[in-house]
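Welcome, and thanks for taking a look.

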Amino acid sequence: MKQLILMRHGKSSWDYDVSDNDRPLKQRGINDAHLVSQTFGLHAPSIDFIYSSPANRALHTSMIFVRNLEFDLSKFKVNNMLYDFSGNSVQQFVQQLDNDLNTVAIFGHNYAFTSLANTWGDQYIENVPTAGLVHITFGVDDWSKISGGTTKQMVFPKHLKK
């Protein structure tokens, strides 16, 4: 069985004159990333590897997640294919993952993550919000054959705030 955890980066700031790739997180994005990663960590499966988009906002979100789960950084990499908004590059990346990895978390962007969560999962999601996490399981042992998975869990910041 393969498990994929999709996490969209936290809320980013438009207050700086920087490139899209360099845009930082807002304080709300930082807080939401902590909240979602800590909640997910209560029942998280053992993750074999984590990959992040190189964009500052995705990388910062992934580092919050890594720290809160006390994840081994030797099993973490940045990959340019995850800096994708359509989903085509992310889909190709996931389908090329090493089959020795059973549970993988990836950090990236919308529209890609909402599209893929709906393509691969069995619950329709209008929009994966910033710092939103979707955990999907697949009854196959080959990443190139994933489809028709089960949306096991969704952790969205708005569901955790009172």
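1. A word on terms before the helices come up: axes are lines fitted to C-alpha atoms, for helices over the stretch in contact, and angles run from 0 to 180 degrees between N-to-C directions. Please keep in mind that this is a predicted model.

2. Now to the helix pair. Helix H1 (residues 27-41) packs against helix H2 (residues 56-68) with the axes 9 Å apart and at an angle of about 40°. The crossing of H1 past H2 is right-handed.

3. Which residues make this contact? From H1 come Ile30, Ala33, His34, Ser37, Gln38 and Phe40, and from H2 come His60, Thr61, Ile64, Phe65 and Asn68. Sorted by class, the contact of H1 with H2 has six polar and five nonpolar residues, and no charged ones.

4. Next, have a look at strand S1 (residues 2-8), which is mostly covered, with seven of its seven residues buried. Lys2, Leu4, Leu6 and Arg8 point one way from the strand, while Gln3, Ile5 and Met7 point the other way. Residues on both sides are buried, Lys2 and Arg8 among them.

5. How do the neighbours of S1 run? Strand S5 (residues 133-138) pairs with S1 in the antiparallel sense, over six bridges. Strand S4 (residues 103-108) is joined to S1 by six bridges too, but these two run parallel.

Technical notes. Residues are numbered from 1 along each chain as its sequence is written. This is a predicted model: local features need pLDDT of at least 70, side-chain atom pairs count only at pLDDT 80 or more; totals for chains, interfaces and linings use all residues. Side-chain values use heavy atoms; hydrogens and water are left out. Buried means under 20% relative accessible area, exposed over 50%, partly exposed in between (1.4 Å probe, protein chains only). Helices (H or I, at least four residues) and strands (E, at least two) are DSSP runs, numbered from the N terminus. Two strands pair if DSSP finds at least two bridges between them. A crossing is left-handed if the near helix is turned anticlockwise from the far one by less than a right angle, and right-handed if clockwise. Contact means heavy atoms within 4.5 Å. Ala, Val, Leu, Ile, Met, Phe, Trp, Tyr, Cys and Pro count as nonpolar, Asp, Glu, Lys and Arg as charged, and the others, Gly among them, as polar.
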